[in-house]
Amino acid sequence: MMGLQKLLGGLAALALSCAPVLAQDFSENSEAKTWNLYAEVPARFEAQVVDLLCHLADDCPEDCGGGLRQLGLLRSADDTLILPLKNGQPAFSGAAVDLLPYCTQTVEVDGLMIEDPDLGATNVYLVQRIKSGDADWVRANQWTKNWAANHPDAEGKGPWFRRDPRILEMIAKDGYLGLGLETDAEFIADWF
């Protein structure tokens, strides 16, 4: 029960922390490349890499969950919790793989922030580069490299998700729509 209360308190604090984001400009010195997304704004800032569940609910496995958890960025300038939902790759891949080596460390990040109350987007971030201390910037593009190393038998052309054995297994079991192979066959016959 205490964990739930802390989680709810953390979420309330996250909601309240939105106002400073709108007032501050973090685009200075950003070299983020546009993706031409609605409401995107370049944003470069210093932040601590945190395990979101650990930060909000004191559920803290070692090594920020070893890649099985969503990670967050606790921005140093205003203690705002930023949600890095995407890395710098033009693929459906998240940022946790790129941020995991910096678990609990303070880093500088550069990327795109999406803030739009009409969309319900608050503190949504797409991290493109990460810098730790005096080290050089590192591009946030490790996801597909890690995926290829973990799935050496899935070589071939095309996007990773069309070759991923886990996805292919789910499609074989429940169809493309997830409603069963019979429903898939009816849908394909009707629409294609």
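C54 and C60 are joined by a disulfide, with 2.1 Å between their sulfur atoms. A disulfide is taken here as a pair of cysteine sulfur atoms within 2.5 Å. In general, a disulfide is a covalent bond between the sulfur atoms of two cysteines. The model is predicted: local features need pLDDT of at least 70, side-chain atom pairs count only at pLDDT 80 or more, and totals for chains, interfaces and linings use all residues. Residues are numbered from 1 along each chain as its sequence is written, and side-chain values use heavy atoms, with hydrogens and water left out.

The torsion about the S-S bond of C54 and C60 is about 85 degrees, so this disulfide is right-handed. C54 is partly exposed, at 23% relative accessible area. C60 is also partly exposed, at 44%. Residues count as buried under 20% relative accessible area, as exposed over 50%, and as partly exposed in between (1.4 Å probe, protein chains only).

The whole structure holds two disulfides. C64 is linked to C103, S to S 2.0 Å. This link is right-handed, with 80 degrees about the S-S bond. C64 lies in the loop between α3 (52-57) and β2, and C103 in the loop between α4 and β4, so the pair ties together parts 39 residues apart in sequence. C64 is buried, at 6% relative accessibility. C103 is buried as well, at 14%. With bonded cysteines counted along the chain, the pattern is 1-2, 3-4.

Seven helices and six strands make up the secondary structure. Both are DSSP runs numbered from the N terminus: helices are H or I with at least four residues, strands E with at least two. From the N terminus on, the order is α-α-β-α-β-β-α-β-β-β-α-α-α. Of the 192 residues, 39% count as buried. Contacts are heavy atoms within 4.5 Å. Among contacts with a separation of 6 or more, 57% are between residues 24 or more positions apart.

The largest nonpolar core has 22 residues. Such a core is a set of buried Ala, Val, Leu, Ile, Met, Phe, Trp, Tyr and Cys residues joined through side-chain atoms within 4.5 Å. F45, L73, V109, Y125 and I130 have the most contacts inside this core. At least two core residues come from each of β1 (40-51), β2 (71-75), α4 (96-99), β4 (106-116) and β5 (121-131). The largest share, four residues, is supplied by β1. Beyond its neighbours within four places in sequence, L73 contacts residues including F45, L81, I82, L99, V109 and Y125. Apart from this core lies another, of six residues, among them A32, L112, A121 and V124.

L83 sits in strand β3 (residues 81-86). This residue is partly exposed, at 21% relative accessible area. L83 and Y125 are 42 residues apart along the chain, yet 5.7 Å separates their C-alpha atoms. Leaving out residues up to four places away in sequence, L83 touches L52, T122, N123, V124 and Y125.

The accessible surface comes to about 11,800 Å², and 57% of it belongs to carbon and sulfur atoms. Areas follow the Shrake-Rupley method with a 1.4 Å probe; for residues, only the protein chains shown count as cover. Y176, L177, L179, F187, I188, W191 and F192 make a nonpolar surface patch of about 880 Å². F187 belongs to helix α7 (residues 181-191). F187 is partly exposed, at 32% relative accessibility. Patch residues have over 30% relative accessible area and no salt bridge; nonpolar side chains (Val, Leu, Ile, Met, Phe, Trp, Tyr) are joined within 5 Å, like charges within 9 Å. A salt bridge is a side-chain nitrogen of Lys or Arg within 4 Å of a carboxyl oxygen of Asp or Glu.
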